[in-house]
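Open the structure in your viewer and keep the selection tool at hand. This tour goes stop by stop.

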Amino acid sequence: MKSKSAIVIGAGMGGLTAAIHLAKQGLHVTVLEKNARPGGRCDRISREGHHFDTGPTLLVMPLLYESEFAALGTSIKERLDLQRVDPTYHLVFDNGSQLALTSDMKCLQEQLETFEPGSFQGLLRYMNEGHCHYHLGIEKLVQPDFRKASDFFKLSNLPLVQQVKPLKKHYANMSNYFDDPRLKAAFTFQDVYMGLSPFEAPATFSMMPYTELAHGVWYPKGGMYQVVEALMSLAREAGVEFVFNTTVEQISLNGKSARGVVVDGKLQEVDAVLANADLPYVYQNLLPQDNEAKKLERKRYSCSVISFFWGMDKPYETLPPHTLFLADDYRENFDSIIRDLDLPANPSLYIHAPTRLDSSMAPVGQDTLIAIVPVGHMSANGDQDWSAIRDQAREHVFRRLRTIGINDLEEHIKFEMNFTPLSWRKRYNLVKGSTHGLCHNLSQLGYFRPDNQHPHYRNLYFTGASTRPGTGMPTAMVSGRLSAQRILDDLKI
Ligand SMILES: Cc1cc2nc3c(=O)[nH]c(=O)nc-3n(C[C@H](O)[C@H](O)[C@H](O)COP(=O)(O)OP(=O)(O)OC[C@H]3O[C@@H](n4cnc5c(N)ncnc54)[C@H](O)[C@@H]3O)c2cc1C
């Protein structure tokens, strides 16, 4: 008997994971990817012996990776050579004070007490809350497959309103633990990973600083792209077929179902279509413009970033692996990015020096640096001058580095590559250049996030950052597993 077939549009984290699950159950799976390589946003550029992870740089939520690799029949430790990054981040504040977030509790206590006497006790209480938010959040909001409203709106979920504080704002909630604004910033900045400001993010997101301290931030030898390589080897072992440099032009429909996809004007028919390309892009570009597409236009999108990738002709040994400059005007930063779609006047920013973790990321005696500056996403009227904004962002990075004694960076750049929101849109088809897709405000979280299955076309499915459960590499793996299970159930496999 001919085996059932599925086409996956896009070889991002969600698409790769789903493809492996489907192929392992005997489906004939073809992944069509517009780019020359797999990985999507988790991408890699190598030049002159310098290796750049152009998207994710932090392996966070290791327990989630472990359970998703286990679901694929393997273990993350078998597939990746992981090292814990400790301290995770070096935070630098405007007044020159610094804080190294470490799992060495004695060292952390000593540092925190210099910021605010008694704050270590506040941190312990905050971690306690984070523990609860993390475990309940993963169990009740991230892992479940909400196939119908009653899977979410059920009596046993009612206590969540108290337990994970979805109605309380994350930053406001911090006054239960700290007074010093620098500490409030140190344990809320992670909300930007969700595309949110801590002034509007639910307090539920204390799960992120909790997992970073409790379970660690990790780094795979060879860089984050090794996660993609690990999934690629699993996919090949399972018999998944890949076609790169191939853009799907349309999803072909027939009444209430998808017939297949159109590539180079030709229809490829299949039993199931799974779109890993960003969900709003799929609605706007691959499907007919109906009410669903219009509804998505009105949804909120996450911010974007301007990234600089520098090959340096000398090493910067004093620069730790993950440095974050956190601006005093914390609130104005988020307002400027999220409300005004702009670059803040004094932006918070992040520098990644992978060579501190793995010397093979740069030629001997040289360095590889990545700087990431969060900015607003593209506006509807296209009035942002991205070249000018990028140049301002670059100057802010140099200025910030001077405050920690790095004065000669500009002179030692051998080459630069950079991404603006226009690049994110062009490279990965991300609507508005939003690096995390649809944002994770309350009305776009959990059950309220777009489903992994199209509401009208029965055999059209979605996986990835803008669908359930949401953004992040391990979360995309959960998404891939959930969508694959829907397909298998519907095809009765
Ligand atoms: C700058 C940045 C930093 C990040 N940092 C972290 C981090 O440190 N840790 C972390 O866990 N997460 C991080 N993330 C988030 C993480 O990268 C994403 O959530 C995750 O990789 C998204 O995977 P996805 O399954 O949605 O697929 P995507 O990455 O969106 O991939 C979709 C694929 O579909 C392809 N495609 C699109 N349209 C078509 C078409 N018409 N035909 C064929 N193919 C198509 C695209 O080329 C792409 O390869 C970061 C993201 C960014 C951008």
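**Stop 1: the ligand.** This is a predicted model. Select Thr57 and show its backbone. A polar backbone atom of Thr57 is 3.2 Å from an oxygen atom of the ligand. Then show the side chain of Asn429. Here an N or O atom is 2.8 Å from a nitrogen atom of the ligand.

How much of the ligand does the protein bury? Taken alone, the ligand exposes 1000 Å², and the protein buries 96% of that.

**Stop 2: the largest pocket.** Move on to the largest pocket, which holds about 620 Å³ of space. Select Leu141, Phe152, Pro166, Leu445 and Gly446. Of the 30 lining residues, these are the closest to the pocket's centre. Helix 5 (119–142), helix 7 (160–163) and helix 10 (207–214) are the elements that give two or more residues to this lining. Which of them gives the most? Helix 5 does, with four residues. Colour the lining of the largest pocket by class: 21 residues are nonpolar, eight polar and one charged.

**Stop 3: the second largest pocket.** This pocket has a volume of about 310 Å³. Select Glu292, Arg449, Pro450, Asp451 and Pro455, the closest to its centre of the 16 residues that line it. Two elements give two or more residues to this lining: helix 12 (279–286) and helix 13 (291–297). The largest share, three residues, comes from helix 13. The lining of the second largest pocket divides into eight nonpolar, two polar and six charged residues.

**Stop 4: two buried residues.** Find Gly195 in the loop between helix 9 (181–186) and helix 10. Is Gly195 buried or exposed? Its relative accessible area is 2%, so Gly195 is buried. Gly195 and Ser302 are 107 residues apart along the chain, yet their C-alpha atoms are separated by 4.1 Å.

Return to helix 17 and select Arg486 there. Arg486 counts as buried because its relative accessible area is 2%, under the 20% cut-off. The side chains of Arg486 and Gln453 are joined by a polar contact of 3.2 Å.

**Stop 5: two cis peptide bonds.** Zoom to Asp86 and Pro87. The peptide bond from Asp86 to Pro87 is cis, with omega near 0 degrees. Pro87 sits in the loop between strand 5 (82–85) and strand 6 (90–93). Then go to Arg468 and Pro469, which are also joined by a cis peptide bond, with omega about -5 degrees. Pro469 is in the loop between strand 19 (460–462) and helix 17.

**Stop 6: two positive phi angles.** Select Met61 in the loop between strand 4 (50–53) and helix 2 (62–71). Met61 is not a glycine, but its phi is positive, near 60 degrees. Met61 is buried, at 8% relative accessibility. Finish at Lys492, in the segment after helix 17. Phi of Lys492 is also positive, about 55 degrees. Lys492 is exposed, with a relative accessible area of 75%.

Technical notes. Residues are numbered from 1 along each chain as its sequence is written. This is a predicted model: local features need pLDDT of at least 70, side-chain atom pairs count only at pLDDT 80 or more; totals for chains, interfaces and linings use all residues. Side-chain values use heavy atoms; hydrogens and water are left out. A polar contact is a pair of N or O atoms within 3.5 Å; within protein, one must be able to donate a hydrogen and the other to accept it, and residues adjacent in sequence count only if both atoms are side-chain atoms. Accessible areas come from the Shrake-Rupley method with a 1.4 Å probe; for residues, only the protein chains shown count as cover. On a 1 Å grid over the protein atoms alone, a cavity is a set of points where a 1.4 Å probe fits but cannot get out, and a pocket is an open set with protein on both sides within 12 Å along at least five of seven lines; lining residues have an atom within 4 Å of a point. Grid points are joined across faces, edges and corners, and a volume is the space filled by probe spheres set on the points. Ala, Val, Leu, Ile, Met, Phe, Trp, Tyr, Cys and Pro count as nonpolar, Asp, Glu, Lys and Arg as charged, and the others, Gly among them, as polar. Buried means under 20% relative accessible area, exposed over 50%, partly exposed in between (1.4 Å probe, protein chains only).
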